[in-house]
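Have a look at the model first.

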Amino acid sequence: MSQRTYHDPLHRGIQLDSHRPGEAMVMALVETAPFQRLRRVRQLGPAFLTFHGAESSRFTHSLGVFHLARQAFERLLKLSPDLEPHRPLLYAAALLHDIGHGPLSHTGEEMFGLHHESWSARIAQNHPQIQACLDQEDQGTAQAVAALLEHGQAPHPVVKRLVSSQLDCDRLDYLLRDSYSTGTRYGQLDLERIMAGLTLSPDGDLAIHPKGLMAVEHYLVVRNLMYRSVYNHRLNVVCNWLLERLVRLARQLGPDLVWADGVMQRWLWNADELDLDSFLANDDVRTGYHLQRWQEEGPPALASLCRRFRERDLLKATAVTQLTREEQLQALAVAGRLAEQRGIDPSLSCGLRHQELRGYHPYRGGLRLWDGEQMQALEEASPLVASLATPAATSWLIHPREIQKELRRTMDVEWGSSLTSDR
């Protein structure tokens, strides 16, 4: 088949033609087993328990990232035709950047203690199907993709920026896609204006033309809002804590008490020796099946955690950002005591979670404005962007809903003035 169209809810028709440079490789990569596995990995992990439409997959997102990378590359190619040899590397890295995600995406990384960048690189370089597709396009492409995905190494800075930077195709797609699937309105971007604003600086690196400044400012504000309203939503915080605690407990109980098939045994108790086949054999389906089995047949504590997650009987999260770390620990002790009084195990129901959000990193691949005569750091040209560079921390006290009222009364007595702004 020389042509193929993927009908995408965001980008409409993503058309591939094997006669165009690099696209036969992309078509072949999409058909490999490791890429097809991404259909079984949710883009937003357990966020479907908060936003019922959040069911899109890493497969869909990865195609979208490739599509945007191709658009950006075609624009920049007009400015610098010598970019052409880097097309296969960009296409492959954009498509495969998330191929190393485990079950439930980023939540799975926290659950099992893995890093998807390392696994993406390992799959690109060592999986026979993937490696063959890449090196058939151009010998050494598999190794180059692995170096880019794991270490950020690329033969041209533009390739690196489009795959991983403060303004990359990954972020552009997931903000649009996640806003669409969750039903929120924050993720609406002026994608055409952003693409039109891409240019090249005299050193050959990616830059923004001043005409694209407002669209990029909007993009950075949107990203900040999406993190605050979706990615760091308090129920997502609860689900992540619950799943981490669940896996930690299963590992502590051990294979004598916890049933697991051969693949999950290696994920739980031999993670340091996890081989490629065992990694790729796990996805949302297999992990979800184990949660079901553990709820039905597992030790009581593990069964209780699985039931909470599967039946959406979630714990509560109270904001304690305004408290000092010592006061937060005191509040956790209060929650634990109240839980015990209700016959609820505090080790399975009480915890603290800390997060830090920085909307823009000026020193981590910071963006630059280039008008053809003058170069300027984005945060110097935009007070709005500069304000996003200040980190904002949030802290949550996780606890059973049964103690919420009494806990709040106790906290109001102890730290009422500090908690006022959290209401």
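Q: What makes the meeting of α1 with α7 a contact?
A: Met 25, Ala 28 and Leu 29 in α1 meet Ile 130, Cys 133, Leu 134 and Glu 137 in α7, and contact means heavy atoms within 4.5 Å. This is a predicted model, where local features need pLDDT of at least 70, side-chain atom pairs count only at pLDDT 80 or more, and totals for chains, interfaces and linings use all residues. Residues are numbered from 1 along each chain as its sequence is written, and side-chain values use heavy atoms, with hydrogens and water left out.

Q: Why is α1 called roughly antiparallel to α7?
A: Helix α1 (residues 23-30) and helix α7 (residues 128-137) pack at about 175 degrees, axes 9 Å apart. Angles over 145 count as roughly antiparallel (under 35 is roughly parallel, 65 to 115 roughly perpendicular, the rest oblique), so α1 gets that label against α7.

Q: Why is α4 called oblique to α8?
A: The axes of helix α4 (residues 87-96) and helix α8 (residues 141-151) cross at roughly 55 degrees and come within 10 Å. That angle makes α4 oblique to α8.

Q: Which residues make the contact of α4 with α8?
A: On α4 they are Leu 89, Ala 92, Ala 93 and Leu 96, and on α8 Ala 144, Val 145, Leu 148 and Leu 149. By class, that's 8 nonpolar, no polar and no charged residues.

Q: How do you know that β6 and β9 pair?
A: Pairing takes at least two bridges found by DSSP, and β6 and strand β9 (residues 392-399) have 7, in the antiparallel sense.

How values were computed. Axes fitted to C-alpha atoms, helices over the stretch in contact; angles between N-to-C directions. Helix = DSSP H or I, 4+ residues; strand = E, 2+ residues; numbered from the N terminus. Nonpolar A, V, L, I, M, F, W, Y, C, P; charged D, E, K, R; others polar.
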